[in-house]
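Trainee: I would like to learn how to read charged pairs and strand order in a model. Please show me the model and take me through a few cases.

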Amino acid sequence: MPKRLEEMQRDLWTYLLLVWITCIPYSSTAPFANQSRSLQSGATAGHRGPNEGQRILSRAKRGWVWNQMFVLEEFEGPDPILVGRLHTDLDVGSKNIKYVLAGEGAGTIFSINDKTGDIHAMKRLDREEKAEYTLMAQVINRDTNEPLEPPSEFIIKVQDINDNSPQFIEGPYVASVPEMSQVGTSVTKVTATDADDPVYGNSAKLVYSILEGQPYFSIDPNTATIGIALPGMDREIRDEYMVVIQAKDMGGHMGGLSGTTTVTVRLTDINDNPPKFAKNFYDFVFPEDLGLGKPGGKVKATDKDVGENAKSIYSIIGGNEKGVFEITTDSQTQEGILMIKKPLDFEMQKHFNLTVEATNVRYGPTGPYKDTTTVRIAVEDSDEPPIFTRPTYVLEVHENTAINTVIGVVTARDPDATGSPIRYFIDRHTDLERQFNVNVDDGKITLAKPLDRETDMWHNITVTASEVRNNSQISRAIVAIRVLDINDNAPEFAAEYEPFVCENGKPGQVVEMVSAVDKDDPIQGHYFEYRLVPEMLNNPNFTIKNNGDNSISILTKHDSFRRQKQEMYFLPIIVTDNGNPPMSSTNTLTIRVCRCNKEGTIQSCNLEAYVLPIGLSMGALIAILACIVLLLVIVVLFVTLRRHKNEPLIIKDDEDVRENIIRYDDEGGGEEDTEAFDIQYMVHVTLVNSTAYWL
């Protein structure tokens, strides 16, 4: 009750203050300008006007400015409101004094009585639209319109009243705060604005309060900061709250205006819940022939949290000592998918008991949250294909092994309890030349064709094993057969050598370095022995020298090699390897005798070079060839002309016959005539006549 009384007294004082402020323009005067004019308030509007010679007394209130007037906003009445009065010392009752008003709003918002100087507001003013107006006042002669005093500027200020309620410009608001936050944790801050004058009075002084949202939230009345007011707010129970905030002006006192906004507060998730399996036991049946990496069953642990806080990973923590199973996490469904890493064997183990654990990816306030369950797996028997004792077999056989020799054995068995017999076959796609056979009953591999290591060192074939009772159950094994070498190839020269010896060579000069190759591949490596054939041991021209690296050098014995004497020499050499038994071959070197310069560079190796002229240029050769072609053309032309001369003439008509007959009266002279004529001239004449005939 005392508090309520105190608020009523405060509101009363506020009302009296407003009345006092409103009455100020009507109860005060101030000097107008230069002590010759005065500003008289509207409080004297009801008094009798001053008589001529009567002086209007005025006083200046402390703190007021002479060039300001005040008018209350939003004032409405039947008559224009009196703002103030202008008065000059020149106005002593003279009727030729005229007051003139100019500036902002003059004539539209404000009007002046040109006789009395009274200023009225003709419209309702709004301080929030315009807070003050600047005007110019002047006294002029009514008859001549000549100024009696200089113009003076003054301001009319619009006084504020509490006519605007607070507004939340940015509302409604949406905020979030982690669940389980402590009391006092800041959620968000709201802001309201008031269009009233924040300097004058309490019209814009705002106080904030919560209308809805208690006891969960609180708000600071001055800063408008919203905070947590209740501990233990759990998102899993309620994740959203609607809070209504009020802002009230006049400092929150009675009579003040208010505005409201809403704040939607959402609780964000924290990892405060562990994952939980729906069942304590899961039972699955896995077929024995389930492929590796194929899913066999799924488990799932749910979590009340959301997002990353609800994600879990699964692991097998018990019962998987042999590493037969693995579990992966489906990132989309958050399920644990059980798969096998090793083949199942019904005959070896029929049941498995696994312990599966689900653990949150993110740690909670007290550490990682987890849960476990038991997975019981029963292995279902399946008809399995045969199993080879080894997935890959490696066999060795010498290349001279006889046909039908057994070179190895493959073995497979039926893992099922029925124990079906096994039949073996060779996949002929891997043995196109059919060099091997396999016994269909016991898996023995035999040689079908001779082998040559120098052609194929390795043979890779595939052997299949199928059950007699079920041909669809097939297994495969790779058999790699290595062909072992025997010494069945003689060594030979490594290249086609073209040695030569210079005529001006010296004794002991190296003619050629010779090496050999062998297609065989002995374990101890190659070693070659070189020697001349027996009939060439006393060769007077050349000898051989062992270089110690499986090569030899051919050396000259003298310096008297001449092409005119002998153009080529043949040197047969025997090359023998170190195999068992050793193999040898005879290779013959053809050594040419050549003409060389001082540096040993070949200039010519042909004996014809001494007979034929050398040094012909390309131009000379072309000229010779052109002459030959020209002679051939002349011969062909001559033969053609002779052929035309012997052919009978074709007579088209009688006129042509008469025109082409030529009469000769000369008598031939026989051999004397023949000798008297030049044969070349006669050929020329014949050619001309033949041409004239055809034309």
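Trainee: Is Lys130 buried, partly exposed or exposed?

Mentor: This is a predicted model. Buried means under 20% relative accessible area and exposed means over 50%, with partly exposed in between. Lys130 has a relative accessible area of 31%, so Lys130 is partly exposed.

Trainee: Which residue forms a salt bridge with Lys130?

Mentor: Side chains of opposite charge can pair when their charged atoms come close. Here the partner of Lys130 is Glu104, and the closest N and O atoms are 3.7 Å apart. Glu104 is partly exposed, with 35% relative accessibility.

Trainee: How many salt bridges does the structure hold?

Mentor: The structure holds 15. One of them joins the side chains of Glu308 and Lys311, at 2.9 Å from N to O. Glu308 counts as partly exposed at 36% relative accessibility, and Lys311 as partly exposed at 31%.

Trainee: Where do Glu357 and Lys370 lie in the chain?

Mentor: These two residues also form a salt bridge, with 3.9 Å between the closest N and O atoms. Glu357 belongs to strand β23 (residues 351–360) and Lys370 to strand β24 (residues 370–380), so the pair links distant parts of the chain, 13 residues apart. Glu357 counts as buried at 13% relative accessibility, whereas Lys370 is partly exposed at 43%.

Trainee: Which residues are linked in a network of salt bridges?

Mentor: Arg235, Glu236 and Asp269 are linked in such a network.

Trainee: Now the strands. What is the order of the open sheet of four strands?

Mentor: Read across the sheet, the order is β26-β33-β32-β29, and the pairing is mixed. β26 (392–398) and β29 (422–426) stand at the edges and have a single partner strand each, so one side of each lacks a neighbour in the sheet. On average, neighbouring strands of this sheet are turned by 30 degrees against each other, direction ignored.

Trainee: In which sense do β32 and β33 pair, parallel or antiparallel?

Mentor: Strand β32 (residues 458–467) and strand β33 (residues 474–484) pair in the antiparallel sense, over nine bridges.

Notes. Residues numbered from 1 in each chain as written. Predicted model: local features only at pLDDT ≥ 70, side-chain atom pairs only at ≥ 80, totals over all residues. Heavy atoms only, no water. Pairing = 2+ DSSP bridges. Helix = DSSP H or I, 4+ residues; strand = E, 2+ residues; numbered from the N terminus. Axes fitted to C-alpha atoms, helices over the stretch in contact; angles between N-to-C directions. Salt bridge = Lys/Arg side-chain N within 4 Å of Asp/Glu carboxyl O. Buried < 20%, exposed > 50% of the residue type's maximum accessible area, 1.4 Å probe, protein only.
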